Amino acid sequence: MTGAVDFFGLYLPWLMPLAGLALLALSAVRRVLAWTGAYRWIWHPALFDLALYVVLLWGLSAASLFWIR
């Protein structure tokens, strides 16, 4: 995806706002997983969080393709 977002006169690559949204979504999902006790069943929580962040970022970028058109 090409293009930039104008953020108060600062041009950012389109992936940067999506990365911020994915980080906020990851924070919410991590709180839910910690509250339910799911991290007891996960072998490597840091690796799981990284993989979850990548999946969330991919999902947001795929959704943004339909939103922009």
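Me: Why does aspartate 49 count as buried?

Reply: In this predicted model, aspartate 49 has a relative accessibility of 12%. Buried means under 20%, so aspartate 49 falls in that class.

Me: What makes the contact of arginine 30 and aspartate 49 a salt bridge?

Reply: The side chains of arginine 30 and aspartate 49 meet at 3.2 Å, N to O. The cut-off is a side-chain nitrogen of Lys or Arg within 4 Å of a carboxyl oxygen of Asp or Glu, so the pair qualifies. By this rule the count comes to one salt bridge. The pair links distant parts of the chain, with arginine 30 in helix H1 (residues 15–36) and aspartate 49 in helix H2 (residues 45–68), 19 residues apart. In general, side chains of opposite charge can pair when their charged atoms come close.

Me: Why is arginine 30 called partly exposed?

Reply: The relative accessible area of arginine 30 is 40%. Buried requires under 20% and exposed requires over 50%, so arginine 30 lies in between and is partly exposed.

Me: How do you know that the protein is more spread out than a compact globule?

Reply: The elements of the protein run β-β-α-α from the N terminus on. Its radius of gyration is 15 Å, while the globule rule gives 11 Å for 69 residues. The value is well over the rule, so the protein is more spread out than a compact globule. Along its principal axes, the C-alpha trace spans about 45 × 25 × 15 Å.

Me: What makes the pair of phenylalanine 7 and phenylalanine 8 edge-to-face?

Reply: The structure holds three aromatic pairs. In the one formed by phenylalanine 7 and phenylalanine 8, the rings are 5.0 Å apart, centre to centre, with 70 degrees between the planes.

Me: How do you know that the pair of tyrosine 39 and phenylalanine 48 is edge-to-face?

Reply: The planes of tyrosine 39 and phenylalanine 48 stand at 90 degrees, and their centres are 6.5 Å apart. An angle over 60 degrees counts as edge-to-face, so the pair carries that name. Tyrosine 39 is buried at 18%, whereas phenylalanine 48 is partly exposed at 30%.

Methods
Residues are numbered from 1 along each chain as its sequence is written. This is a predicted model: local features need pLDDT of at least 70, side-chain atom pairs count only at pLDDT 80 or more; totals for chains, interfaces and linings use all residues. Side-chain values use heavy atoms; hydrogens and water are left out. Helices (H or I, at least four residues) and strands (E, at least two) are DSSP runs, numbered from the N terminus. The radius of gyration is taken over C-alpha atoms; the globule rule is 2.2 Å times the number of residues to the power 0.38. Rings of Phe, Tyr and Trp (its six-membered ring) pair if their centres lie within 6.5 Å; planes under 30 degrees apart count as stacked, over 60 as edge-to-face and the rest as tilted. Buried means under 20% relative accessible area, exposed over 50%, partly exposed in between (1.4 Å probe, protein chains only).
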